[in-house]
4 protein chains.
Amino acid sequence: MSKIKNNSPVLFFYNNSKKWLAKISKKESLHTHIGVIKHSDAIGKEYGSRLITNKDKYVYLLEPTMYDYVMKIQHGTQIVYPKDLGYIIARAGIGDGQKIVEIGTGSGSLTSFVANIVKPRGHVYTFDVDENFMKIAEKNIKKAGVSKYVTQHNLDLKTAKTMPLEEMDAALIDLGDPWIVIPKVRQMLKGSGCVFAICPTMNQLEKLTIALVENEFTDIESTEHILRTIEAREGKTRHSFQGIGHTTYLCFARKAFFERESRQLTEKTPKKIIKKPASKTTVKISKKISKKPS
Amino acid sequence: MSKIKNNSPVLFFYNNSKKWLAKISKKESLHTHIGVIKHSDAIGKEYGSRLITNKDKYVYLLEPTMYDYVMKIQHGTQIVYPKDLGYIIARAGIGDGQKIVEIGTGSGSLTSFVANIVKPRGHVYTFDVDENFMKIAEKNIKKAGVSKYVTQHNLDLKTAKTMPLEEMDAALIDLGDPWIVIPKVRQMLKGSGCVFAICPTMNQLEKLTIALVENEFTDIESTEHILRTIEAREGKTRHSFQGIGHTTYLCFARKAFFERESRQLTEKTPKKIIKKPASKTTVKISKKISKKPS
Amino acid sequence: MSKIKNNSPVLFFYNNSKKWLAKISKKESLHTHIGVIKHSDAIGKEYGSRLITNKDKYVYLLEPTMYDYVMKIQHGTQIVYPKDLGYIIARAGIGDGQKIVEIGTGSGSLTSFVANIVKPRGHVYTFDVDENFMKIAEKNIKKAGVSKYVTQHNLDLKTAKTMPLEEMDAALIDLGDPWIVIPKVRQMLKGSGCVFAICPTMNQLEKLTIALVENEFTDIESTEHILRTIEAREGKTRHSFQGIGHTTYLCFARKAFFERESRQLTEKTPKKIIKKPASKTTVKISKKISKKPS
Amino acid sequence: MSKIKNNSPVLFFYNNSKKWLAKISKKESLHTHIGVIKHSDAIGKEYGSRLITNKDKYVYLLEPTMYDYVMKIQHGTQIVYPKDLGYIIARAGIGDGQKIVEIGTGSGSLTSFVANIVKPRGHVYTFDVDENFMKIAEKNIKKAGVSKYVTQHNLDLKTAKTMPLEEMDAALIDLGDPWIVIPKVRQMLKGSGCVFAICPTMNQLEKLTIALVENEFTDIESTEHILRTIEAREGKTRHSFQGIGHTTYLCFARKAFFERESRQLTEKTPKKIIKKPASKTTVKISKKISKKPS
């Protein structure tokens, strides 16, 4: 049984919209409108215990999970929600030991979540161009306790000439124009490696799908995920009146080789392949998007 | 670059409803209605390459991911779908190194998926009472390559007197009557540990929620997850005409201690606590389900 | 072309959440936080025209539709939303000339909406027991301009011995315990007449379905209706971030006769049938709910 | 109580996927795989009664509603589903006495449904260019019993110079390129009249919305409607495993006048207004779509 000590991370949980993530520090107090919470009161207690505020309200002392860190990390623009994070992991089959490339570090929430799953033998290589965001992400990744499994790169993949990585198991893209980096992503992925892009609009899905076909990806799938909360109560069970709106659409695909020559592939061939079929396959787009090889 | 060899696992992928998972075996052939696929043709190719059937159709040779194994594992009754699997991982914050208890092994698909995430330092302990199912699950877990990280127990937790595990990070329940095992599950969980139950009906959610409150769980949340497929095509983007129906509802919670005495908790107390508050808290149920400690 | 006069109804429309329904009255002004709207400014204008407030904001002068009246009518507890209203009309095939019985007048919004569709040859007979609600409903029905096609009854159908109506085309139930009035509703409906009940909880659906089977209804269907708003914008089309939550579930059925004797039915038989089969059919419930007559 | 006679319309109802709409004809029989149904057996029975097939299965003799006609009318391409039909009625406030213009008659199902609601004092004017479709629609409208309230026009509104109608309460558009007819539709609508377009793709919504803004419509709203079936059964209530997929998106708007000059509007002005603002408003599109007049 692990007891809370000085420096232990704690989620002070009142309810799902009132909760505070903190590192216990003997002399600190948290001032909330359900009362003052003295950090020192938590020391020596078991995780899951209650603590009374000076307004006689209870908060639970929960051991933070990766979910709590992800929900805490606030993005300038938007975060990737657990319902979407979870599908990325499940559909791309991400697990221990994988090497993941992420384009668009953002706040570092997706980075931290994935690193927590591929560690200790896997790694996340993440790219961004915004120095300020990168610093914020660095802090968030550190708080989430996964810095050891993440490498941050300041590099613009859109203009980069050589790719610093290869044989990646999966690529995660969180950019406004994901279709632009697809040829670069392809070079970094292993054969049949997975790609996932966060696309808030339908137009992004459309452009990205065209780029994925042109760049020889298969098993292309665009989805959206609706999470509905149910209030289960004796004799009065129903969905929640409060609705959950749109977060993002997701687009998935796997790297393939459309040319027959792929049979005699050598290390160098991927680059050639990217250039050639783009023009050849254009006319076949509609057929190919229907995901039937021909 | 990894090339396909004899004994390599391969997903022969034609499209999302026509795909075959196999282990390459020199002399074997796969007979499908898009033609015959000779295993030997795959040997020496890079994953992602195409292969032509004798009916002049292409299949892609994909390296199977955990997703492919999970979708392949067919259950007698039902499987847990990736959209639901993913949310379980994300909401409970499951990651490398965690110790997970599963009640109801079923086909072993949830078992394999979770083991792939907690390995190599974590472990899944899974319980079932049906010998036949356990053998099927054993095979499936082996095929998914995670046997080393899974321990199967033949034990009926509903009647068991002593719990064989303790300090588990999370518990996953896939039983018709999940509420019955909640007191047992509680004993095995660490403080603030997570529980997730697969509940196909609203009535199960209702009974389970009552049991979770009586057994001092907090952050109780019932959800359902709707996955919609989008057909992204130039100038014709829309949701898929083919709908995806109900799979299951999910119920999540975290272990807490409702009594103030929890402050001076010793190793032995959890058992006492389970017995006492059940009757005391009954009258407060409606308030507590609203997730406000008081 | 109809121009706005004194006493004309107008919807001052700023946007979908800021709009005001009024009857033009020469000397009145509407004070809003987008400025003052002088009623007299609207007189002589065509519907659809703009009007400038003293804060230099525009409002459109729209001719109110039944939708605007329904959205305006605020209920003590809840209103029936257009998405649900519409399905009731469409699924029950409600149209001109039908005779409708409504149990639970509430605010009169459903009453008004339906009266507007069955008029001028049809009629809505609506029952309530709360004098205060009935007065509010009376005003709302008058404002909506359909008083002539509505008769309000102060009668508790749960205890009433004789039914004041017969051969109704459809019955609409908006009560907390709809299953209780099903035998009474049956007596008022014509053969194969439709019933629709507003059921906010799953438990109500469950109890009501059992009562519908016991009282010989067929084509039983429980549904829920999710309306999602899409923000269609050039190059940035996506679902709205703001979600719409649960409003209610709906339960539909049509009156049938389960007994073979129904072949020689006379005017009097319905009452006998109601009493007898209730007990006989209990054991067959699960089969019957699956909607297969045998 | 109305009894079934020769020539009466009947819905032979086995379950929601096995049902047959017919006009009773003494000598006819219906051959189905649940057995032979002799029409003459239905004569003299009350609607709602059962009838036994020669395979000892029951069918109910239901009086067809407009829902049954609409579901029966099969379109070459697609039908408008009740969930969508209902919302059109509710959101546009369609009721008795209204004059409706429909562009794209299709199978006549939407036509019949709306005619049944606006009759006897209202009317539906419907336009199509395909002679064959128009004949099919004519038959369907006749079967649904609303021919008297429908006028079919063979006219291509895209190229027509003068509009044959004016002061319409609402316009319904079911065309592949609805944006093209918006200026024509505007001329036929009364001030603040409603328009609804059936748009199966997101791209149509996008183009249509731009056209609606350019043509001075307000209260623009794009929606989609998800209908979920619930299987309500004692102790086992859950959503249906069978999912309902995408049918169409809907786009609604109301005719407004953006120019201040609209205050002194004369009968002729609408035409001028249509031409001018198209160019002026282009730059303001994003602001206007957000539905705030300024």
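1. Helices (H or I, at least four residues) and strands (E, at least two) are DSSP runs, numbered from the N terminus. On that basis chain A has nine helices and 14 strands.

2. This is a predicted model: local features need pLDDT of at least 70, side-chain atom pairs count only at pLDDT 80 or more, and totals for chains, interfaces and linings use all residues. Residues are numbered from 1 along each chain as its sequence is written, chains are lettered from A and ligands numbered from 1 in the order in which they are written, and side-chain values use heavy atoms, with hydrogens and water left out.

3. Chain A overall. Of its 294 residues, 62% count as buried. Buried means under 20% relative accessible area, exposed over 50%, and partly exposed in between (1.4 Å probe, protein chains only). Contact means heavy atoms within 4.5 Å. Among chain A contacts between residues at least 6 apart in sequence, 61% join residues at least 24 apart.

4. The annotated site. For "binding site", an unreviewed UniProt entry lists Ser107(A), Gly108(A), Ser109(A), Leu110(A), Asp128(A), Asp156(A) and Asp174(A). UniProt positions are given in the numbering used here, feature names are shortened, and annotations may be inferred rather than shown by experiment.

5. Two of the listed residues. Gly108(A) sits in the loop between strand E7 (99–103) and helix H4 (109–118) of chain A. Gly108(A) is buried, at 0% relative accessible area. Leaving out residues up to four places away in sequence, Gly108(A) touches Ile73(A), Ala137(A) and Ile141(A). Asp174(A) is in the loop between strand E10 (168–173) and helix H6 (182–188) of chain A. Asp174(A) is partly exposed, at 24%. With neighbours within four places in sequence set aside, Asp174(A) contacts Val80(A), Ile103(A), Gly104(A) and Ile198(A).

6. Leu61(A). This residue belongs to strand E6 (residues 58–62) of chain A. Leu61(A) is buried, with a relative accessible area of 0%. Its C-alpha is 7.2 Å from that of Leu51(A), 10 residues away in sequence. Not counting residues up to four places away in sequence, Leu61(A) touches residues including Ile4(A), Phe12(A), Tyr47(A), Leu51(A) and, in chain B, Ser192(B).

7. Polar contacts. A polar contact is a pair of N or O atoms within 3.5 Å; within protein, one must be able to donate a hydrogen and the other to accept it, and residues adjacent in sequence count only if both atoms are side-chain atoms. Glu216(A) lies in the loop between helix H7 (202–214) and strand E12 (217–231) of chain A. At 1% relative accessibility, Glu216(A) is buried. The Glu216(A) side chain reaches the backbone nitrogen of Phe258(A) at 2.9 Å. In chain B, Asp169(B) is part of strand E10 (residues 168–173). Asp169(B) counts as buried at 15% relative accessibility. A 2.7 Å polar contact joins its side chain to that of Lys190(B).

8. Backbone checks. Most residues other than glycine have a negative phi, and most peptide bonds are trans. The bond from Lys119(A) to Pro120(A) is cis, with omega near 5°. The bond from Lys119(B) to Pro120(B) is also cis, with omega near 5°. Asp56(A), not a glycine, has a positive phi of about 65°. Asp56(A) is in the loop between strand E5 (50–52) and E6 of chain A. Asp219(A), also not a glycine, has a positive phi of about 55°. Asp219(A) is placed in strand E12 of chain A and is buried, at 0%.

9. Chains C and D. A rotation of 180° with 0.0 Å of shift along its axis superposes chain D on chain C (RMSD 0.1 Å). That is the relation of a two-fold axis. In chain D, the C-alpha nearest the axis is that of Gly86(D), 1.8 Å away. Both copies use the same surface: 100% of the contact residues of chain D recur in chain C. Copies are superposed by least squares on the C-alpha atoms of residues with pLDDT of at least 70 in both.

10. Cavities. On a 1 Å grid over the protein atoms alone, a cavity is a set of points where a 1.4 Å probe fits but cannot get out; lining residues have an atom within 4 Å of a point. The whole structure holds 16 cavities of 30 Å³ or more. The largest cavity is lined by 32 residues, and Ile226(B), Ile244(B), Ile226(D), Gly243(D) and Ile244(D) lie nearest its centre. Strand E12 (217–231) of chain B and strand E12 (217–231) of chain D each supply at least two lining residues.

Definitions and conventions
On a 1 Å grid over the protein atoms alone, a cavity is a set of points where a 1.4 Å probe fits but cannot get out, and a pocket is an open set with protein on both sides within 12 Å along at least five of seven lines; lining residues have an atom within 4 Å of a point. Grid points are joined across faces, edges and corners, and a volume is the space filled by probe spheres set on the points.
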